[in-house]
Amino acid sequence: NDEDGDGDNDLQDEFPLDRTQWDDLDGDGFGDNPVGNNSDDCIANPGNSSIVSLGCPDLDGDGYADKDDSFPIDSTQWNDTDFDGYGDNISGLRGDDCPTKYGVSTRNDTLGCPDKDYDGWADSQDYFENDSSQWLDSDSDGYGDELNGLRGDACPSVFGNSTVDRFGCIDTDG
């Protein structure tokens, strides 16, 4: 019998119902005919990739061949558009909050966003984006919450204007 009409007997045809494929040298389920349906991109090397480079090795099973996968051992990530080490899939492990902008932010649940001062806080969340010793200003008085940082606020929860003996506390007489 030749059910699909491709000229190969169904007993020897690896794909008896697909006339565009008949051989599967590496036995991974993807056909060897490069112009046929679901053609194997790694004919002599068995694999399970099913999204990119069909039939090539895919160690983490995410569908992307290891050779095309930026994270070959993480099934939740496969691409890193901005090459910062954080994956484009925001819901995956170490997902990039800014997938198209290179970044090194790691704090406040914001990964991979621009961080000019390299303090770990994304510039968009860093009240002091050019000062690595400060990042928050809870009382919005211009003095950072990190007491030991540059111009650290001695009273971080109270808006203040003191500048002589300590920064950021109430100075009623100026």
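Predicted model: local features only at pLDDT ≥ 70, side-chain atom pairs only at ≥ 80, totals over all residues.

Mentor: Numbering runs from 1 along each chain as its sequence is written, and side-chain values use heavy atoms, with hydrogens and water left out.

Okay, your first question. The chain has a radius of gyration of 29 Å, while a compact globule of 174 residues would come in near 16 Å. That radius is taken over C-alpha atoms, and the globule rule is 2.2 Å times the number of residues to the power 0.38. Along the principal axes, the C-alpha atoms fill a box of roughly 100 × 20 × 20 Å.

What about contacts, meaning heavy atoms within 4.5 Å? Among contacts with a separation of 6 or more, residues 24 or more positions apart account for 4%. Even so, buried residues make up 43% of the chain, where buried is under 20% relative accessible area, exposed is over 50% and partly exposed lies in between (1.4 Å probe, protein chains only).

Now zoom in on glycine 87. Glycine 87 has a relative accessible area of 1%, so it counts as buried. Beyond its sequence neighbours within four places, glycine 87 is in contact with Phe71, Gln77, Asn79, Arg94, Gly95 and Asp96. Its C-alpha sits 32 Å from that of glycine 149, which is 62 residues away along the chain.

Skipping residues up to four places away, glycine 95 touches Gln77, Gly87, Asn89, Ile90 and Leu111. From glycine 95 to aspartate 173 is 78 residues in sequence and 50 Å in space, C-alpha to C-alpha.

For contrast, look at asparagine 38, which is exposed at 52%. It touches Gln21, Phe30, Gly31 and Leu54, not counting residues up to four places away in sequence.

Then there's asparagine 108, with a positive phi of about 60° although it isn't a glycine; it is partly exposed, at 44%. Arginine 151 also has a positive phi, about 50°, without being a glycine, and it is partly exposed at 43%.

Last stop, the rings. The whole structure holds four aromatic pairs. One of them joins tryptophan 121 and tryptophan 135: their ring centres are 6.2 Å apart and their planes at 15°, so the pair is stacked. Rings of Phe, Tyr and Trp (its six-membered ring) pair if their centres lie within 6.5 Å, with planes under 30 degrees apart stacked, over 60 edge-to-face and the rest tilted. Both tryptophan 121 and tryptophan 135 are buried.

Conventions:
Contact = heavy atoms within 4.5 Å.
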